[in-house]
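Visitor: I am new here. Please walk me through what is on display.

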Amino acid sequence: MSCCERRLKLADTESVCPVCLETIPAERWAIGDEVRLIKTCPEHGRFSVPVWRGFASYGPWGEAARAHSRTPSPATAVDRGCPHDCGLCPDHRQQSCCVLLEVTSRCDLACPVCFASADRHGRDLPLDEIERRLDALAAGGGRVHVQLSGGEPTVRDDLPEIVRLVRRRGFDFVQLNTNGVRLALEPDYVAALAAAGVDCVFLQFDGVDDEVHRRLRGAKLARLKDLAIERCGEVGLGVVLAPTIAPGVNDGQIGAIVDHAIARMPTVRAVHFQPISYFGRRPLEPTDADRFTLPEVMAALIRHSRGTIALQDFHPGSAENPYCSFSGRFTVDDVGGLHPTGAKPSCCGVPDDLERPARAEAVGGCCGDAPPAAPIECCGSTRPSPDVDRARRYVAGQWRQAASGGDGEAADAFDRFLATRERTLGLSGMAFQDAWTLDLDRLRQCHIHVVEPDARMIPFCAFNLTDRDGRSLYRASTISAEAVAG
Amino acid sequence: MIDALGSAASSSLICLSCDAPLEPGKIEASYLGQSFPVDLPRCPKCGFVYVSEELASGKMLKVEQALEDK
């Protein structure tokens, strides 16, 4: 640290101790070009971790609207406080957008890094139990997106039947979270999934060569990943590449992954980068050098574009906490260059399409002296959230394979406009929080939830939260540090 | 009868105000700053344009949502 480095306290918040998971006060500090979360457990000491590297984007992200909405029917009461009462509790500030249903804890890989700590010896969720959870979801959750997850969901032969169970209840967007191994090897299985109603394959895709896959997943998977994409394309399934970015392993491949995606459009609809989080099965206690933050992903994307895209072409999510994500949509030209799709940045650097009423009321205008948009104090309405609805539509619009816009003489201007989607690539990122980085302000606004056996809904980062020794707050299965080492 | 554009055949539609049969014609639909020249049945007298329910809740809705989500 130099003598002239900026040190500025930004805000108070809360977090947990990575050792005992007790809720403790925390502070956000700007130190140099980083924002750090700093906290002290009375029993286990002080922890300081970088959560945002690149101060230039921190301000504009914070100005994004923070529209809140309460869950219509809280399943748990506030007792110990966040994050110990998840269900959702009345203190949660956002409704569900995407709900994960873990249909198995089995997996056909044994990755050195796995938030679910899955292996070959798990169990499948019985179909009647799946139906019970879906019924509860349909009764209380509205029109959420359903992501079938695990474990590795494609180890189940009856996965197409599970997709039909989801569809039968009226859920209109079904994502499949997969490593792609079975999709690569069994075209008939892929066709059955598409026929059953899968909209989008969320494909674990950490890099473009076998070395990256070997280090993160313990196997050579590059050829299988490409085969999986081909198989999906053959049956009209949209694919989103989902790279886990680990510093020193694949942070140098961000541009190569984008090029790989572009070469496989329109089957590949988007790349959704996920900087590594240290929960579940993980190899070490993270240091600063093991962290990669969202602005670093955006910076790598901007560098890769060689000047055709800029920071203002990305924006925070519309429903989750702004510091949890970024996204942008880009038109790909004939030589693979990226260009913004036309969202016009305002003079504050935040896209105009974020200028919704909540922002206008809170800020009072663009570039004025008014303070950044403040959360609505009462935790918002229990009505279906327009922000969550918008987030759902954004994802469905970009991640599903583009519908044919029609061609020839029958095509009209509407068709031609819709056809441009085929040349549109989504680039986005999401920062999941672990026991070191967890900021309860962010967690309370989480809109990605996991549905539990008793129909409780647990925010994703709370569900996967594990302490320094691998003990889980919510997952039924826990692992020990010894087991990881073994 | 609904044709490929999702619009009803013009000959079967009468303008309620003018009592004139609608005729196919080029119109310009616009939304959020973007214009779309399309052929739809319109009244030759008052210019009333007929948009079928299928078109409004189908392709046109998809275009509107795509523009809103930009």
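## Contacts, helices and confidence

Guide: This is a predicted model. Setting aside neighbours within four places in sequence, Phe173(A) is in contact with His145(A), Asp199(A) and Ala396(A).

Visitor: Is Phe173(A) buried or exposed?
Guide: A residue with 20 or more other C-beta atoms within 10 Å is buried. Phe173(A) has 22 C-beta neighbours inside 10 Å, so Phe173(A) counts as buried.

Visitor: How far apart in space are Phe173(A) and Pro83(A)?
Guide: In sequence, 90 residues separate Phe173(A) and Pro83(A). In space, C-alpha to C-alpha, their separation is 28 Å.

Visitor: Which residues of helix 3 of chain A are buried, and where do they sit around the axis?
Guide: The buried residues of helix 3 (residues 159–168) of chain A are Leu159(A), Ile162(A), Val163(A), Leu165(A) and Val166(A). They span an arc of only 155 degrees around the axis, which puts them on the same side of helix 3 of chain A. An α-helix has 3.6 residues a turn, so residues three or four places apart point the same way. The buried set, then, is Leu159(A), Ile162(A), Val163(A), Leu165(A) and Val166(A), on the same side of helix 3 of chain A.

Visitor: What covers the buried residues of helix 3 of chain A?
Guide: Both helices and strands of chain A take part. The cover includes helix 2 (127–140), strand 6 (145–149), strand 7 (174–178) and helix 5 (187–196) of chain A.

Visitor: How are helix 3 and helix 5 of chain A oriented to each other?
Guide: Two packed helices are described by the angle between their axes and the distance between the axes. Helix 3 and helix 5 of chain A pack at about 10 degrees, with axes 8 Å apart. Angles under 35 degrees count as roughly parallel. Helix 3 and helix 5 of chain A are therefore roughly parallel to each other.

Visitor: Which residues meet there, and how many are nonpolar?
Guide: From helix 3 of chain A come Leu159(A), Pro160(A), Val163(A) and Arg164(A). They meet Ala192(A), Leu193(A) and Ala196(A) in helix 5 of chain A. By class, this contact has no polar residues, one charged and six nonpolar.

Visitor: What covers the buried residues of helix 1 of chain A?
Guide: In helix 1 (residues 55–62) of chain A, the buried residues are Ser57(A), Tyr58(A), Pro60(A) and Trp61(A). Their cover includes strand 3 (34–41), strand 4 (45–53) and helix 9 (294–305) of chain A.

Visitor: How much of chain A is buried?
Guide: Chain A has 15 helices and 16 strands. Of its 486 residues, the buried part is 49%.

Visitor: In what order do the elements of chain B run?
Guide: Chain B has two helices and two strands. Of its 70 residues, 17% count as buried. From the N terminus, the order of elements is β-β-α-α.

Visitor: Which element of chain B has the lowest mean pLDDT?
Guide: Chain B averages a pLDDT of 81. Over residues 1–8 of chain B, pLDDT stays under 50. Among the elements, strand 2 (residues 34–42) of chain B has the highest mean, 91. The lowest mean, 83, belongs to helix 2 (residues 59–68) of chain B.

Definitions and conventions: Residues are numbered from 1 along each chain as its sequence is written. Chains are lettered from A and ligands numbered from 1 in the order in which they are written. This is a predicted model: local features need pLDDT of at least 70, side-chain atom pairs count only at pLDDT 80 or more; totals for chains, interfaces and linings use all residues. A residue is buried if 20 or more other C-beta atoms lie within 10 Å of its own, exposed if 12 or fewer, and partly exposed in between; C-beta atoms are placed from the backbone. Helices (H or I, at least four residues) and strands (E, at least two) are DSSP runs, numbered from the N terminus. The arc is that of the directions from the helix axis to the C-beta atoms. Two residues are in contact if their C-beta atoms, placed from the backbone, lie within 7 Å. Axes are lines fitted to C-alpha atoms, for helices over the stretch in contact, and angles run from 0 to 180 degrees between N-to-C directions. Angles under 35 degrees count as roughly parallel, over 145 as roughly antiparallel, 65 to 115 as roughly perpendicular and the rest as oblique. Ala, Val, Leu, Ile, Met, Phe, Trp, Tyr, Cys and Pro count as nonpolar, Asp, Glu, Lys and Arg as charged, and the others, Gly among them, as polar. pLDDT is the predictor's confidence in each residue, from 0 to 100.
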